[in-house]
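Here is a briefing on side-chain contacts in one protein chain. Keep the structure open as you read, and find each residue as it comes up.

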Amino acid sequence: MVSSKSRAVDIRRLLLSFLLLAAGAAGSGQVHYSVPEEAKHGTFVGRIAQDLGLEVAELVPRLFRVASKGRGDLLEVNLQNGILFVNSRIDREELCGRNAECSIHLEVIVDRPLQVFHVEVEVKDINDNPPIFPMAVKTIRFHESRLLDSRFPLEGASDADIGVNALLSYKLSSSEFFFLDVQTNDELSQSLSLVLRKSLDREETAEVNLLLVATDGGKPELTGTVQLLIKVLDVNDNEPTFDQSVYKVQLLENTANGTLVIKLNSSDADEGSNSEIMYSFSSDVPPTITTKFKIDPSSGEIRTKGQLDYEEMKSYEIQVIAYDNGTPSMSGHCKITVKLVDINDNTPEISITSLSLPIPEDAPLGTVIALITVSDRDTGANGQVICTLNLHNPFKLVSTFKNYYSLVLDSSLDRERVANYEVIVTARDRGSPSLSATASVSVDVSDVNDNAPTFAQPEYTVFVKENNPPGCHIFTVSARDADAQENALVSYSLVERRVGERALSSYVSVHAESGKVYALQPLDHEELELLQFQVSARDAGVPPLGSNVTLQVFVLDENDNAPALLPPGPGGGAGAVSQLVARSVGAGHVVAKVRAVDADSGYNAWLSYELQAAAGAARSPFRVGLYTGEISTTRALDEADAPRQRLLVLVKDHGEPALTATATVLLSLEDSGQAPKASSRASTGAAGAEAALVDVNVYLIVAICAVSSLFVLTLLLYTALRCSAPPSEGACGPGKPRLVCSSAVGSWSYSQQRRQRVCSGEGPPKTDLMAFSPSLPAGPISADGEEHPDVDADIPTIVSNF
């Protein structure tokens with residue numbers, strides 16, 4: 001009863017001491033606790049949440065967790081109150097063997113933000129292991145002729161505890177013949193000897209029974225016993241003796257099998273067979289000795305037998321018996337202490353625990369990627385490990401505690417440049433030669449939406465023929481997004497605006513996925529020559545990013561409008577032209593003029609005039625200007641000419657195919673007597689008509705030159721853009737267009753020294769427009785069959801090929 005109360009008091013004192021220790025350690029950056037081994041389940045260890053500066057309410061939201069390398073679930077934390085407690089049986093001897101220090105290292109990890117704490121729980125030894133002798137009964141043979149103070153070494157007991165709990169004291173039961181001698185050497189180990197106190201006489205006492213009791217220093221004390229059976233032998237009265245009782249030897253671990261450890265030499269004062277000495281290991285040496293060493297019975301040489309490993313056992317104590325061949329045989333004893341010297345024969349070990357994989361490319365600097373633990377079973381410099389990373393990666397190692405490191409982000413990431421890093425961790429010890437080990441961790445970089453879709457060029461030019469069918473595909477836009485997955489999923493849409501009084505979406509549409517642009521209705525060049533709008537490309541990221549591209553759609557003219565005749569004078573109708581002509585006029589006199597316009601543009605609006613000869617009629621004395629529409633005489637009029645002349649003038653444009661209109665001109669020939677009055681009236685009328693014709697021609701020339709200049713300027717700008725930018729869909733090569741305006745005839749022409757490639761946005765580029773100057777005859781031939789040298793022969797011809 002007293003013993004249990006005393007033990008409880010000791011445990012309370014022990015708990016108080018480790019609480020004080022933990023309180024001191026909490027302020028130094030690392031929390032220390034202590035707990036006695038064999039503590040019951042639920043035993044309080046410490047208020048870990050409070051000591052780490054954490055609130056109990058945030059343990060669960062921050063994913064509070066405890067990791068212990070190779071320690072299982074010995075300790076647990078109650079997340080309701082933040083208390084660290086004993087979860088399962090802790091056996092110090094099983095954890096640490098006979099090491100003086102024994103602790104459980106805990107890694108406490110919390111998220112949001114990520115924090116790593118190191119907690120050390122020292123396991124205190126309690127006296128739970130009694131001393132144990134190698135055997136329960138030991139038989140000792142003593143010769144009756146042994147001298148007083150003769151010594152017989154005994155194998156001491158062993159205690160699995162440490163410190164005071166393993167400090168043994170021995171007591172021998174009372175005997176008139178023997179007493180126990182205990183000597184402590186410099187290694188703090190004890191040598192026991194049974195010393196003869198009184199001479200033996202086998203005839204009087206053949207056997208002596210003794211009890212040897214070993215008691216440890218724990219509280220309560222634990223004991224172990226061995227029964228000593230001493231048999232008294234007769235005859236041979238000199239035992240072999242060694243020159244020293246204890247031999248000390250040092251050996252390198254991993255020494256080759258068969259290496260000589262020591263050669264023993266003992267002597268016997270007897271003669272003959274009583275002095276012939278044989279050697280053997282003591283009968284109670286543990287198996288660890290017989291499996292690692294062997295002894296030659298004759299020479300006394302002790303050699304290695306198995307592989308010696310410093311990390312497995314640092315030293316060996318070998319009890320050797322030397323016995324003679326006398327009858328009865330006598331023996332001597334010695335002890336060989338073999339200490340192993342550590343060599344660098346263990347490579348470092350690396351353990352990696354990944355935490356934040358994959359890592360987003362916008363992760364802040366200092367983000368913890370993984371926890372790395374290194375260890376080396378060697379000691380001293382051989383066990384000191386340096387940990388490094390391979391070059392050229394954006395990470396670094398941060399030492400957190402002893403051989404514990406954190407792999408953290410050291411520089412910014414860009415998934416579009418590098419999407420994966422193979423991080424190689426190298427652990428190298430300080431031994432000579434140095435040993436190293438490597439481990440790798442694959443760090444994947446996850447995408448964030450940091451790249452907007454981009455087009456190959458900021459602007460595209462598209463040429464589309466007018467009168468296109470509804471729903472016609474005119475172009476395809478394409479944008480590239482350097483991100484991945486949904487962040488790279490691009491959708492297209494129109495940037496809505498008003499085109500005149502109508503919405504842009506009534507003219508064109510864009511397919512959201514393919515980027516194809518469609519004309520929703522037939523386009524009319526006469527209504528809309530240029531349609532400029534923007535297409536937006538937007539990804540599916542959060543938040544979405546986007547960019548715009550400009551499309552300039554030029555509507556190309558087609559010859560879909562026939563020439564329209566203008567009225568002959570102010571207030572006149574669009575019917576036949578009537579004119580009085582004096583018979584006295586000479587050759588080349590302008591008697592009338594046919595006026596017409598064409599709603600098309602370019603060559604499609606360039607008009608020419610021809611005089612249609614009536615079937616079976618005589619040769620007409622009139623002709624029409626090819627490009628002016630002026631009707632003039634080809635010769636002087638005479639009486640043979642009919643007084644009424646009906647002329648048909650064919651007005652034709654230069655489109656493909658050409659469209660025409662026909663004008664009827666009625667000329668009345670007057671005699672000379674009526675000329676003054678008629679001439680006066682004709683002069684007045686002609687003057688008014690000529691003034692009106694001049695006004696119309698001026699406006700027509702200005703309009704045609706303006707439209708043509710705008711068209712040529714557009715082509716020049718387009719060609720310049722294509723020369724300065726890489727070729728792409730809808731792009732054309734560079735060219736040198738040349739514009740020629742002919743004021744003499746009131747018309748225009750377009751000349752170009754090479755082909756002009758125009759792309760409509762669908763299929764490969766094709767030749768849409770060619771301009772060249774054909775070889776024309778010296779002058780046009782009118783309906784009367786004569787050449788007219790006043791017409792410009794260098795008139796360019798434009799051929800459209802769509």
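C96 and C102 are both buried. A disulfide joins these two cysteines. The model is predicted, and every value below is computed from it.

**The disulfide**

- A disulfide is a covalent bond between the sulfur atoms of two cysteines.
- The structure holds one disulfide.
- From C96 to C102, the S to S distance is 2.0 Å.
- The torsion about the S-S bond of C96 and C102 is about 65°, so this disulfide is right-handed.

**Two other cysteines**

- C472 has a relative accessible area of 21%, so C472 is partly exposed. The cut-off for buried is under 20%.
- C705 has a relative accessibility of 17%, so C705 counts as buried.

**Aromatic pairs**

- How many aromatic pairs does a search of the whole structure find? The search finds eleven.
- One of them is formed by F142 and F152. Their ring centres are 6.0 Å apart and their planes are at 50°, so the pair is tilted. Planes under 30 degrees apart would count as stacked, and over 60 as edge-to-face.
- This pair links distant parts of the chain. F142 lies in strand β8, residues 137-143. F152 lies in strand β9, residues 151-154.
- Are F142 and F152 buried or exposed? Both are buried.
- A second example is F242 with Y279. Here the ring centres are 6.4 Å apart and the planes are at 50°, so this pair is tilted.
- F242 and Y279 also link distant parts of the chain, 37 residues apart. F242 belongs to strand β15, residues 241-242. Y279 belongs to strand β19, residues 277-281.
- F242 has a relative accessible area of 13%, so F242 is buried. Y279 is at 5% relative accessibility, so Y279 counts as buried.

**Charges over rings**

- K314 places its charged end over the ring of Y310. The distance to the ring centre is 5.3 Å.
- R502 places its charged end over the ring of Y507. That charged end is 4.5 Å from the ring centre.

How values were computed
Residues are numbered from 1 along each chain as its sequence is written. This is a predicted model: local features need pLDDT of at least 70, side-chain atom pairs count only at pLDDT 80 or more; totals for chains, interfaces and linings use all residues. Side-chain values use heavy atoms; hydrogens and water are left out. Rings of Phe, Tyr and Trp (its six-membered ring) pair if their centres lie within 6.5 Å; planes under 30 degrees apart count as stacked, over 60 as edge-to-face and the rest as tilted. Helices (H or I, at least four residues) and strands (E, at least two) are DSSP runs, numbered from the N terminus. Buried means under 20% relative accessible area, exposed over 50%, partly exposed in between (1.4 Å probe, protein chains only). A charge sits over a ring if NZ of Lys or CZ of Arg is within 6 Å of the ring centre and within 35 degrees of the ring normal. A disulfide is a pair of cysteine sulfur atoms within 2.5 Å.
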